[in-house]
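Take a look at the structure below.

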Amino acid sequence: MDNRSFIARLAKAADIDNKDASRLSQALCDIMAQCAADNDNVAIPGFGTFVAVKNDERVVTDTESGKRTLLPPEIKVSFRPGSRLKKSVAQS
């Protein structure tokens, strides 16, 4: 599903126009990004938990040239589905 179809389905389900649905979606993304930056987890009951995982800076070596590069720290968000979501997907 791409962003446009997600916004359309969200707008239809919430009975709002696409512009408001887009703003709601962007606000949720902003909140999730801020929580990840603060190294906080976001739990949605019945759905799952978004977990911030921080990788420290590291040095990588290019195999062809042998050049070493310092990669900055990064934060990735992983998703752990809740039991209710797992059960509903298994039943489908």
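Predicted model: local features only at pLDDT ≥ 70, side-chain atom pairs only at ≥ 80, totals over all residues.

Start with asparagine 39, which is partly exposed, at 46% relative accessibility. Asparagine 39 sits in the loop between helix 2 and strand 1, the latter covering residues 42-44. Its backbone deserves a look too. Phi of asparagine 39 is near 60°, a positive value in a residue other than glycine.

Aspartate 15 lies between helix 1 (3-14) and helix 2 (18-37). Here again phi is positive in a residue other than glycine: for aspartate 15 it is near 55°. Is aspartate 15 buried or exposed? Aspartate 15 is exposed, with a relative accessible area of 71%.

Next, move to helix 3, residues 83-91. Arginine 84 belongs to this helix. Arginine 84 is exposed as well, and its relative accessible area is 60%. Follow the chain back from there to proline 45. Arginine 84 and proline 45 are 39 residues apart in sequence, yet their C-alpha atoms are separated by 8.8 Å.

The protein chain has 3 helices and 5 strands. Their order along the sequence is α-α-β-β-β-β-β-α. How spread out is the protein chain, against a compact globule? Its radius of gyration is 19 Å, while the globule rule gives 12 Å for 92 residues. The chain is well over that figure, so it is more spread out than a compact globule.

Burial and contacts come next. Of the 92 residues, 14% count as buried. Among contacts with a separation of 6 or more, 30% are between residues 24 or more positions apart. The arginine 84 and proline 45 pair has a sequence separation of 39 residues, though the figure given for that pair is a C-alpha distance.

Finish with the surface and the charges. The accessible surface of the protein chain comes to about 7600 Å². Carbon and sulfur atoms hold 53% of this area. The chain carries 14 positive and 12 negative charges. Where do these two sets lie on average? Their mean positions are 7 Å apart.

Conventions. Residues numbered from 1 in each chain as written. Heavy atoms only, no water. Helix = DSSP H or I, 4+ residues; strand = E, 2+ residues; numbered from the N terminus. Rg over C-alpha atoms; globule rule 2.2 N^0.38 Å. Buried < 20%, exposed > 50% of the residue type's maximum accessible area, 1.4 Å probe, protein only. Contact = heavy atoms within 4.5 Å. Areas by Shrake-Rupley, 256 points an atom, 1.4 Å probe, with all protein chains shown as cover. Lys, Arg positive; Asp, Glu negative; His and termini not counted. Charge placed at Lys NZ, Arg CZ, Asp CG, Glu CD.
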